[in-house]
Amino acid sequence: MNWTRRMTGFALLAALGLVLGSAPAAKAQAAAQDTGKQAYTVPEYNAYQAAAAEKNPAQQIKLLDDFVSKYPNSALLVYVYPLYYQANGALKNFPKVIEYADKLLALGDKTDAPVRYQAYFARAFAYTNLPPAQQQDKDQATKAREAGASGLKTLAEVKKPDNVTDADWAKQTQQPKILFNYASAIACAALKDFPYAVDSYKAVLALNPDDAVTSYRIGQTYLAMTPPQSMYAFWFFGRAVTSKGATEAQSKQVKGYLRKLLANYQGGSVCDSLTDAELNELLQLATSAPERPASYAIPSSADLDAARKDMTIASVFTDLKTGGDKAKVTWLASCGLEFPDVPGKLLEITPGTDAIVLKIAFVTSDAEFQAATAPNMDVKVVGQPEATRLEKDNPVRFTGTLSAYDPAPAFMLHWDKAKVNAEDIPKEKGAPKKPVRRPTPKKPGT
């Protein structure tokens, strides 16, 4: 399963540039008019202008390459590099976007905060669109993590325009904040700095709570930890399933994946209905809370194995009647197990075509047998028609598989695939007696 966000629409960079900083061409024009500070020749400026005016990205890159070859140390590089990474972004050449964003950032104090911000934005945008294998490259990931943090810091240095309200500014800066945090999270996960990755992903969710992809990625990150933080992972996978931002196909895909994770976590539950019930409970809880409550937990396979140790049908009865967490763990551990020679008092028998249903009271002593008047076990006997000869109010033993139970006050254990102990079934009336074999007479003298 590969849930990867692909940031789309590189024009978004240009749109944000119009809000957060002046366009490169406009700045270059202003510099050209300031003859006292002019640091380039007229042919140099004209070559830049020609490249800036070119609308075809591939052709523009050729013009920019020609400019750099002629003027490698030009003061106009501060305007040339943004043209480079925007043109490469239009062509989806994301490694080149990163290369020229880094060249712009390497100019340091020669650029102001809005220009540096645009470069960090372009870089983060490109990193999130690299193939996963390139994102995992250690050097690439290290630089992306540093750039993400620097991008957030630089964005905070950009002055809000006087004609923009605080509310509008918050909306305009939300997307870059999401992008910088998301790029940092991917990079940290690649570097196996999982706690920092989780924090960065959660910063994205704080800005966009209905982001299903980010919730899913948080779940992945928790599972990648050593040891895996399964409870937190399950919670955020549940958040992904129930997110308003998830498509129907995404919800279905993650729900199926989460169900398999739950089943494997518990060692492969024999009773599918229990896994479904746990899944439904998790999804319901995850819908209403962004973080997993400390009290929420699902028993692991180790917990269930411990519960099965020295388990008897008598202990199962006791635990289930007690209720609470103990009953929950016991039922998860016992559902689907076969128990031999379960003792009881037969109170009702219902013959059927495919099965015989017995209503039995579980008893472990003569006193309990005498006092039993109501059944607490529903037993389906299959493939044993002679069990119809059982008689009410008699003792009976059976071997069967626990399939379900109803909690108190209408406590009832349900059994399937049961077989009654043959010794407890009365002989068929009129059945021929077995011939008595007489001993062979001894011969005289022997």
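**Burial, strands, loops and a cavity**

Mentor: Of the 446 residues of the protein, 44% count as buried, where buried means under 20% relative accessible area, exposed over 50% and partly exposed in between, with a 1.4 Å probe and protein chains only. This is a predicted model, in which local features need pLDDT of at least 70 and side-chain atom pairs count only at pLDDT 80 or more, while totals for chains, interfaces and linings use all residues. Residues are numbered from 1 along each chain as its sequence is written, and side-chain values use heavy atoms, with hydrogens and water left out.

Trainee: Which strand is joined to β1 by six bridges and forms a hairpin with β1?
Mentor: Two strands pair if DSSP finds at least two bridges between them, and β1 (residues 338-350) is joined in the antiparallel sense by six bridges to β4 (residues 395-406), with V342 opposite F398 and P343 partnered by R397. Six antiparallel bridges also link β1 to residues 355-362, where K345 stands opposite A361. The hairpin, with four residues between its strands, is the one that β1 forms with β2.

Trainee: What is the omega of the cis peptide bond from T226 to P227?
Mentor: P227 is found in the loop between α12 (212-224) and α13 (230-242). The cis bond that leads from T226 to P227 has an omega near -5°.

Trainee: Is K192, with its positive phi, buried or exposed?
Mentor: K192 is not a glycine, yet its phi is about 65°, and its place is in the loop between α10 (166-190) and α11 (194-207). Because its relative accessibility is 62%, K192 counts as exposed.

Trainee: Which class of accessibility does D341 count in?
Mentor: D341 lies in strand β1 and has a positive phi near 45°, although it is a residue other than glycine. Its relative accessibility is 43%, so D341 counts as partly exposed.

Trainee: Which element gives the largest share of the lining of the second largest cavity?
Mentor: A cavity is a set of points, on a 1 Å grid over the protein atoms alone, where a 1.4 Å probe fits but cannot get out, and lining residues have an atom within 4 Å of a point. The second largest cavity is lined by Y120, R123, A124, Y127, A144, A147, G148 and A183, and the elements that give two or more residues to this lining are α7 (113-128) and α9 (138-157). The largest share, four residues, comes from α7.

Terms used. On a 1 Å grid over the protein atoms alone, a cavity is a set of points where a 1.4 Å probe fits but cannot get out, and a pocket is an open set with protein on both sides within 12 Å along at least five of seven lines; lining residues have an atom within 4 Å of a point.
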